[in-house]
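This report describes how two protein chains meet in the structure shown below, and then turns to features within one of them.

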Amino acid sequence: MENMQAVNNFVAAYLKKKGFKEAEQLLEDLQNKDSAPIDFHNDPELAKFIHHFSQSEDDVARYQDGYSKLRSWTYSSLDLYKHELLRVLYPVFIHSFMDMVAKGHLQEARTFFNNFREDHELMHSRDLQKLEGVLSQSHLEEMEFARSLRQSKVNIKICQYSYDLLLQYLHKTQSTAMLGVINEHINFQVSSGQPSSISDDAEVVTLIGSCQDTANQINQKEIHWGLLEDSLEERLEKAGGLLSDSEKTEEENKEGDGDETKKRSVESGKQGASTKKLKKEKALNATAKSARPEASTTPAAPRVKAKLPLPLMYIQSTEVEQSILEDLRNRVQLSSVLLPSVSFYTFLNTHNGLNCSSISHDGSLVAGGFSDSSLKVWDMAKLGQQGGSSILQAENDSTSSEHVVGPNGGKRSYTLFQGHSGPVHSATFSPLGDFILSSSADTTIRLWSTKLNANLVCYKGHNYPVWDVQFSPVGHYFASASHDRTARIWSMDRIQPLRIMAGHLSDVDCVQWHANCNYIATGSSDKTVRLWDVQNGECVRIFIGHRSMILSLAMSPDGRYMASGDEDGMIMMWDISSGRCITPLMGHSSCVWTVAFSCEGSLLASGSADCTVKLWDVTTSAKVPRNEEKSGNPNRLRLLKTLATKSTPVYSVQFSRRNLLFAAGALSKNL
Amino acid sequence: MSIVAKETIEVIAQSIGINNLSDDAALSLAPDVEYRMREIMQEAIQCMRHSRRTILTTDDVDGALNLRNVEPVYGFTSGGPLQFKRAIGHRDLFYIDDRDVDLKEVIEAPLPKAPLDTGVACHWLAIEGVQPAIPENAPVGVIAAPSNGNTHEQKDELPVDIRLPVKHVLSRELQLYFDKITELTLRKSDSALFKEALVSLATDSGLHPLVPYFTFFVADEVSRGLNDYSLLFALMRIVWSLLQNPHIHIEPYLHQLMPSVVTCLVSKKLGNRIADNHWELRDFTAKLVALICKRFGHVYNTLQTRLTKTLLNALLDPKRALTQHYGAIQGLAALGPNVVRLLILPNLEPYLRLLEPELLLEKQKNEMKRYEAWRVYGALLRAAGQGIYERLKIFPPLPSPPGHTIWKSKEKVVTAVPNKRKASMEPLEDEPALKKIATDGPIGSLALVTTLAPSGQNDAGQPSSSEKKTANRVGKDGQTLKKSAILNQIWKDDLNSGHTLVTLLELLGEGILSFIPSPEMSLFL
């Protein structure tokens with residue numbers, strides 16, 4: 001009976017430790033009643049198990065030992081099931097490590113970590129870097145990443161046979177430590193049949209299970225990804241009805257790229273006519289909208305109503321509208337066979353100080369944000385006149401920077417905007433190019449007028465550096481992303497934010513508007529992209545799949561797809577309505593600073609720190625999921641062209657309305 | 001335990017005035033210091049990314065400290081990497097080399113040049129997807145090769161010789177081998193051992209490292225030893241052997257070899273003794289040149305054109321010596337009948353006019369010169385003959401299927417008609433002629449049939465035996481008859497070769513006829 005008592009005590013202690021209160025209660029009841037005692041003596045296996053457990057509860061060496069055994073067993077397992085079993089190793093590894101840290105065996109935890117980290121370096125190097133620093137219980141609680149790992153279970157999809165193999169092994173070897181870790185932190189989704197192939201790896205292991213669950217839940221929400229009613233394209237179709245097709249093509253042929261550069265200066269002049277009388281316009285807008293009949297043609301993308309009251313900047317001046325319509329008419333239809341022309345703006349003599357660049361929609365203005373808190377704007381049309389009659393000639397002289405400054409006796413070739421008190425991290429042009437927004441590490445966003453060359457408004461609201469700011473496609477509204485883990489929506493006429501989007505677990509690094517202005521997407525250092533409803537500020541999609549911090553976002557013009565580029569050089573194409581990754585586009589070897597869709601959505605351009613602009617064919621990749629049965633098609637993603645620059649990392653790419661691609665970057669010699 | 005050592009904590013504590021930090025405190029502080037450091041570095045990396053950089057600078061660390069409301073660490077500007085120096089006497093102790101700056105010096109120093117102001121330059125990175133080759137763009141070829149995955153596979157097929165700037169290390173054995181071969185070449189090129197050496201050069205697999213040395217050796221020796229006939233011949237043989245060796249990748253060195261080889265072909269003087277049979281050397285070199293062109297012509301498509309240009313220049317320059325002309329002719333002839341037809345035959349007439357005075361006893365008294373002229377004439381004859389022979393051989397003999405006898409005989413009749421002779425001939429000779437006709441048939445048959453239909457000889461099979469007589473006429477009949485026959489026949493068969501043949505006949509006389517295979521000749525003449 002003494003023996004019996006001891007066993008009971010062990011069990012009770014164990015249950016208490018693991019927090020199984022009900023079971024503990026039951027056991028106590030059992031003990032109190034003393035009725036029908038479990039016959040432990042006749043079950044030597046169980047006794048041994050329990051004995052073993054109690055005896056070396058705190059023995060950390062078991063983790064080390066158990067893990068290394070599990071590891072070697074996994075590596076020597078059958079090839080067919082190996083890759084499934086290998087998936088188990090990583091969660092076991094990090095949780096063993098954290099268990100050891102939690103129990104205070106720091107030295108052992110460190111050696112354990114260093115012994116086995118190489119196995120996972122390839123897949124999870126960034127996570128490992130983070131975890132490496134965890135050296136005490138308090139760190140575990142403090143660190144967001146570790147805490148979320150501890151609190152949730154890992155989901156692993158595994159086939160029945162692999163699962164049986166694993167359980168068999170664990171029971172046979174009595175590696176209770178491993179069994180404990182697996183029970184506690186891994187949630188197996190056992191599927192019958194064959195083991196899944198290695199290729200569809202994307203979702204088999206989701207480290208943060210609870211996050212995945214909420215993501216799944218959130219991704220159930222409905223999204224109206226269609227385009228706005230009464231878009232300019234739509235109006236073009238109406239206007240285009242007047243022109244016969246042959247005329248159109250003729251014009252297209254006539255309109256070379258060289259022409260476009262000339263036109264640019266004209267356009268920028270035209271756009272100057274537009275000023276801001278927003279409030280009146282809004283009222284006008286409502287009447288105008290109701291008055292305008294619905295388009296008779298049925299475009300591919302469904303139309304949705306704007307949830308925001310839209311500004312009426314386009315309609316304000318017929319001149320501006322005409323010039324935009326003209327642009328749309330002269331748009332080059334890009335495809336995999338007809339690639340765009342790329343005009344590249346190289347920043348010279350930046351002394352490593354250029355933080356960001358932005359190009360206006362017509363390419364006539366280029367802005368650069370610098371680490372010395374300044375924002376500089378170049379008028380390319382003027383530059384062209386100085387250097388020669390057109391941009392084409394300006395490119396002939398490699399010393400253009402000197403001669404631009406030279407003849408004017410030290411006069412600057414750019415407009416200098418000073419006002420920020422910290423490095424400028426982002427700049428964006430309004431759709432018509434008359435305003436610039438810049439965001440800075442001084443936690444403010446400033447609005448500048450390119451006409452007055454002056455600062456108009458300073459928006460304060462963020463508590464930490466503002467990493468990114470983006471004008472909405474219709475202007476007036478803008479979104480910002482900050483280190484304070486929020487994204488905010490603003491309008492130009494209010495100094496307080498209209499909405500605050502909170503939910504990311506780490507910095508919000510980039511932000512982008514949906515084509516219909518009803519949603520914004522944010523990319524974060526927590527490796528997710530979220531889509532938010534602008535109207536109610538709710539998160540409506542979580543896109544999980546990136547392995548590192550997200551640096552750039554782009555929305556397709558039809559509103560259906562989104563592209564995101566990350567720190568490792570991977571670009572992912574997402575289907576917004578389903579929240580799934582269509583295909584990863586791999587090719588860049590370094591940070592993807594910028595991505596942009598062409599105006600009709602057939603091409604994706606990406607610029608990277610590896611000094612290349614890459615053009616991707618997204619028509620093929622986007623079409624596949626619609627007819628799922630053909631999804632075995634290997635060439636879903638296609639790199640069309642790699643355009644290498646001369647040691648110039650590409651900071652921004654932007655398609656003009658005529659589908660001319662602009663790219664900008666700073667020449668950096670020491671790369 | 002932690003990568004921050006206990007001692008480090010103690011040193012830091014001392015630097016801020018805490019002298020009696022207990023060991024325990026230091027020990028428990030160390031992990032936390034490490035954790036905070038990592039945290040700051042993580043934020044610094046964030047700052048770096050948002051400054052669109054891939055290299056971490058001290059500014060980023062300052063930015064990260066700012067984020068945490070910590071005073072930045074002043075004094076570390078990102079002007080350049082910090083200079084760490086090793087403390088003398090300690091293996092792993094480093095310090096920052098922080099010089100004392102003399103203020104006076106700084107003040108008195110002239111102002112540094114103002115840095116250039118930031119500017120923007122614009123250029124076309126691509127025009128409709130194609131990168132223009134302008135200085136602003138990166139050289140396309142360099143970048144494209146490694147970035148593309150496909151080129152890897154191509155590399156396997158067409159090995160590209162990437163010469164790395166590493167020192168070429170030759171094993172002792174190879175050096176010995178090289179020395180031995182060169183010695184043999186220079187001293188005993190007629191020995192049996194040299195022949196062995198040539199075989200070795202042509203077959204051994206490990207010789208690739210020596211190729212640059214051999215090419216240099218050949219080039220060097222040829223330029224120096226133009227008077228030494230046997231040496232030149234030996235060198236050419238070495239080249240020949242190297243070319244034969246399947247394990248040697250000689251392509252990258254061709255540009256060094258070609259000048260020497262061409263020299264041996266068209267040099268004015270090869271060897272200094274009359275007894276030197278430089279003709280033989282030239283013949284051999286011509287074969288060598290042809291071999292090179294055949295093997296590498298598809299890789300370097302300018303190779304053959306450049307070569308023929310050189311040779312043709314040598315041939316058409318009347319100031320050059322006859323020996324040079326001979327070499328040029330031989331070289332061109334070795335390149336194949338097409339070259340002969342395109343380059344020699346058109347120039348034949350003017351050249352022969354030039355050559356004629358040299359040939360005749362009365363005009364050229366110098367025996368040697370006359371001999372040379374005759375050599376050249378012979379070479380020319382052979383080249384032209386070979387050319388025309390190959391030309392005629394283009395019509396390959398077909399096996400005559402028995403089922404076509406009727407058709408064949410018709411053709412036979414047709415060919416026979418123009419000169420109705422009852423001369424009989426051996427069937428043996430007749431057979432190839434038939435084939436010839438059969439093969440030629442498709443070309444000219446239409447014309448033939450139309451012209452000859454009126455002659456009404458539509459008999460099938462039998463009657464033609466008596467009419468198979470075209471062949472042996474040649475020996476008996478006179479020149480004029482031949483010509484007319486040729487014209488007749490060839491006009492229908494092959495305009496080009498016919499004309500050529502006629503011209504050749506006019507120019508070279510009957511000498512050419514020996515090159516025309518009898519069946520064809522029988523047909524044409």
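## Strand pairing between the chains

Two strands are taken to pair if DSSP finds at least two bridges between them. The model discussed here is predicted. Strand β6 of chain A, residues 342-348, pairs with β3(B) in the antiparallel sense, and the pairing extends over seven bridges. Within β3(B), W124(B) is the bridge partner of S343(A).

## Extent of the interface

Contact between the two chains involves 73 residues from chain A and 44 residues from chain B. Together, chain B and chain A bury about 5300 Å², of which 57% is on carbon and sulfur atoms. Of the area that chain B buries against chain A, 16% is supplied by R52(B), V120(B) and W124(B), more than by any other three residues.

## Polar and charged contacts across the interface

Between chain B and chain A, 23 residue pairs are in polar contact, with both residues at pLDDT 80 or more. On the side of chain B that touches chain A, the elements giving two or more residues are α2 (23-50) and β3 (119-126) of chain B. The largest share of that side comes from α2(B), with 14 residues. By residue class, the side of chain B that touches chain A comprises 20 nonpolar, 12 polar and 12 charged residues.

The interface of chain B and chain A also holds four salt bridges. In one salt bridge, the side chain of E34(B) meets that of R110(A), with an N to O distance of 3.0 Å.

## Salt bridges over the whole structure

How many salt bridges does a search of the whole structure find over all chains? The total is 20 salt bridges. D99(A) and R150(A) form a salt bridge in which the closest N and O atoms are 2.7 Å apart. Because D99(A) lies in helix α5 (residues 79-102) of chain A and R150(A) in helix α8 (residues 144-151) of chain A, the pair ties together parts that are 51 residues apart in sequence.

In the model, the span 347-380 of chain A is 59% strand and 3% helix, and its end C-alpha atoms lie 12 Å apart. For residues 417-449 of chain A, the end C-alpha atoms lie 10 Å apart, with 61% strand and 0% helix.

Definitions and conventions:
Residues are numbered from 1 along each chain as its sequence is written. Chains are lettered from A and ligands numbered from 1 in the order in which they are written. This is a predicted model: local features need pLDDT of at least 70, side-chain atom pairs count only at pLDDT 80 or more; totals for chains, interfaces and linings use all residues. Side-chain values use heavy atoms; hydrogens and water are left out. Helices (H or I, at least four residues) and strands (E, at least two) are DSSP runs, numbered from the N terminus. Contact means heavy atoms within 4.5 Å. Buried area is the accessible area (1.4 Å probe) that two parts lose on being put together, summed over both. A polar contact is a pair of N or O atoms within 3.5 Å; within protein, one must be able to donate a hydrogen and the other to accept it, and residues adjacent in sequence count only if both atoms are side-chain atoms. Ala, Val, Leu, Ile, Met, Phe, Trp, Tyr, Cys and Pro count as nonpolar, Asp, Glu, Lys and Arg as charged, and the others, Gly among them, as polar.
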